[in-house]
Amino acid sequence: MREYQVCSNCVMDTTDTQIVFDEHGVCDHCHDFNDHVLPNWHPDAVGEREFQAVADKIKLEGQGKPFDCILGMSGGLDSSYLLHLAVKKYGLRPLVFHVDGGWNSDIAVSNIQMLVDGLGMDLYTEVINWEEMKDLQLAFFKSGVPHLDIPQDHAFVATLYHFANKHKIKYILNGGNVSTECVRNPLDWLYYGTDLRQIRDIHGRFGKRKLKTFPFSGILFHKFYLRYIKGVRVVKPLDYMPYSKKIAIDTLASTYGWRAYPQKHFESRFTRFYEGYWLPTRFGMDTRRVQFSSLILTKQMTREEALEELRKPAHNPATIDEEFDYIATKLDISSDELRDCMNLPKKSYRDYKNQRVLFNLGAAILKKLGVERAIKR
């Protein structure tokens, strides 16, 4: 068995089984950031000029239309701050698009409403068929894999892309960013959310009902057809400007009364349970290591602060039984049945049919073209 080791620069460790360290104990995530991401990242005046040109083009092409772009709103920090900037700073007119997968927290609902009200925007919400979402979610639990969030993630992405395609929207604003996400979750932790072959294989083995309305989007549809045939462009404005977690929270709180979440992605009740308890307890995979390492590399957090936080559990031990009951009740199973899933044999994406080869090929091409910088492995 490999000896435990944590990076001497960030807090990634050997729970990422593919991690590689140099002779100084610095991991390949740090080297990838310094060698490939940092030299091509311009959150400064250069970047702002570049994005201003993009924003001007979006506005020009959107003249005479009800909106000039679409912005997926989860209620999380990145998408919320992006909406604020898009409207207030750049004068864009996005359609604010939310996908309700059945797991919104009360804080997320409140944050979204305060933001759209404060900006005078309309909110378009697409609701996923809950019976189908529930069946797919249970299938993933029964499969034994760690990437249980795929049903929710896939529904969000697929619904947004299909809506953009149907309504001929050319620009999708995305809150993804280098500043808080430059270290990527290892594939063994969170596998590709748009691998349709894997989703259908897992649901075919463990699902009980047909997914008649559940939204699907394969990699060839949104990465190739939409991008190169339909000309749909995904823009990540936060990579063109100074962006920090603290600035975003302070701005949204003081302007709209927006409330911060205890951890990234905790706007979803399911993700809070899954990333806060299930993933670290069953698999030893703590996504805070990825999030904190990103903040360390972009100088928003010290390594000592991160290590101190990691000594605390990601979930609240006092309320975890209530969380179990809530998730089980939503899924129409007993808490004991849900706990039984904790003891199933551990599986990975490799144990089911998948399109890993296709994703690897696409990632290699995008890295060659300079579209993707950070490693996902």
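How many positive and how many negative side chains does the protein chain have, and how far apart do the centres of the two sets lie? The counts are 51 positive and 48 negative, with the two centres 6 Å apart. The model is predicted. Its protein chain holds 16 helices and five strands. The radius of gyration is 20 Å, close to the 21 Å from the globule rule for 377 residues, so the chain is as compact as a globular protein of that length.

**Overall dimensions and contacts**
- Along the principal axes, the C-alpha atoms fill a box of roughly 55 × 55 × 45 Å.
- Take the contacts in the protein chain with a separation of 6 or more: 79% of them join residues 24 or more positions apart.

**Surface and burial**
- Buried residues make up 52% of the 377 in the protein chain.

**Nonpolar cores**
- The largest nonpolar core has 67 residues.
- Helix H11, residues 269-283, gives this core its largest share, seven residues.
- Trp278 and Leu338 have the most contacts inside the core.
- Another core, of 36 residues, lies apart from the largest one. Among its members are Tyr81, Leu173, Tyr240 and Trp258.

**Around Trp278**
- Leaving out residues up to four places away in sequence, Trp278 touches Phe141, Leu148, Phe273, Phe283, Phe324, Leu338, Cys341 and Met342.

Key. Residues numbered from 1 in each chain as written. Predicted model: local features only at pLDDT ≥ 70, side-chain atom pairs only at ≥ 80, totals over all residues. Heavy atoms only, no water. Helix = DSSP H or I, 4+ residues; strand = E, 2+ residues; numbered from the N terminus. Rg over C-alpha atoms; globule rule 2.2 N^0.38 Å. Buried < 20%, exposed > 50% of the residue type's maximum accessible area, 1.4 Å probe, protein only. Contact = heavy atoms within 4.5 Å. Lys, Arg positive; Asp, Glu negative; His and termini not counted. Charge placed at Lys NZ, Arg CZ, Asp CG, Glu CD. Core = buried A, V, L, I, M, F, W, Y, C linked by side-chain atoms within 4.5 Å.
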